[in-house]
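Good morning, colleagues. I would ask you to look at the model on the screen while I go through its surface and its charged pairs.

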Amino acid sequence: MRCLHNSAYRGVVAYNKSYRNNYLEQKVIINHNEDTFEYVTANFEPIVSEEQWEHCKLIRESKRNLRLVNVNGNAKMQYSGINKGGNVWTKKLRCRCGSSMRMDKWRPKLNGERPVGYKCYNQLNKGLIKFRTEIVRGFVICELSVAGNLR
C-alpha cells in the first residue's frame, strides 16, 4: 500500500513534501496537500506505469472523506478514511445494557468454516460479571455471554 503513495515508483520525484517552520526552532511540518507538491521526472526506470498510478490514485481518493474537525477551538476541514465495514451485524447488534457488540472470529472447524461470535463492549472494557459484582454497585452490569453463529 505504501508504494501507492510514493511517487518514485512511477519514475517521478516529489518536492515540497515537508518544510521547516523557522530558522531557530527547525520543527518539521509535513505538507499533506498533494496538489502543492512539485513533481520532477527522474532519470531512473519507473516500476509502476502512469495508468496504474492514476487508477490507484482514484481508488485512494474514493476512500477518503472531507469532514469538519475542531482543532484547538478552530473549525478546520480535514480528510479522514471511509470505513466500509465488513459485517452488517457489528453495526446493528446492541447488547441488553445498550453497548455495541464486537465480532470475534473463532478457530476454523474441520470443514474450513470460521464461526464468529459477538461480545459486548461493556464486558470487554469493564471485565466479566464475576469480577465486577462486588466492586460496582448501582451501575448497569452486562450478564450476556458471547452470542455465536449469527449469519
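I begin with the surface, where Leu 66, Leu 68, Met 77 and Tyr 79 make a nonpolar patch of about 430 Å². Patches are made of residues with over 30% relative accessible area and no salt bridge, like charges being joined within 9 Å and nonpolar side chains (Val, Leu, Ile, Met, Phe, Trp, Tyr) within 5 Å. Accessible areas come from the Shrake-Rupley method with a 1.4 Å probe, and for residues only the protein chains shown count as cover. The elements that contribute two or more residues to this patch are β5 (64-71) and β6 (74-81); helices (H or I, at least four residues) and strands (E, at least two) are DSSP runs, numbered from the N terminus.

This is a predicted model: local features need pLDDT of at least 70, side-chain atom pairs count only at pLDDT 80 or more, and totals for chains, interfaces and linings use all residues. Residues are numbered from 1 along each chain as its sequence is written, and side-chain values use heavy atoms, with hydrogens and water left out.

Met 77 counts as partly exposed because its relative accessibility is 48%; buried means under 20% relative accessible area, exposed over 50%, and partly exposed in between (1.4 Å probe, protein chains only).

I turn now to the charged pairs. How many salt bridges does a search of the whole structure find? The search finds 4, a salt bridge being a side-chain nitrogen of Lys or Arg within 4 Å of a carboxyl oxygen of Asp or Glu.

One of them joins Glu 50 and Arg 10 at 2.9 Å, N to O. Glu 50 lies in helix α1 (residues 50-62) and Arg 10 in the segment before β1 (12-15), so this pair ties together parts that are 40 residues apart in sequence. Arg 10 also meets Glu 54 in a salt bridge, at 3.9 Å, N to O. Glu 54 is likewise in helix α1, so the second pair ties together parts 44 residues apart in sequence.

Is Arg 10 buried or exposed? Arg 10 is buried, with a relative accessible area of 12%, whereas Glu 50 is partly exposed at 37% and Glu 54 is partly exposed at 35%.

A further salt bridge is formed by the side chains of Glu 34 and Arg 60 (3.4 Å, N to O). This pair links distant parts of the chain, with Glu 34 in the loop between β3 (28-30) and β4 (38-41) and Arg 60 in helix α1, 26 residues apart.
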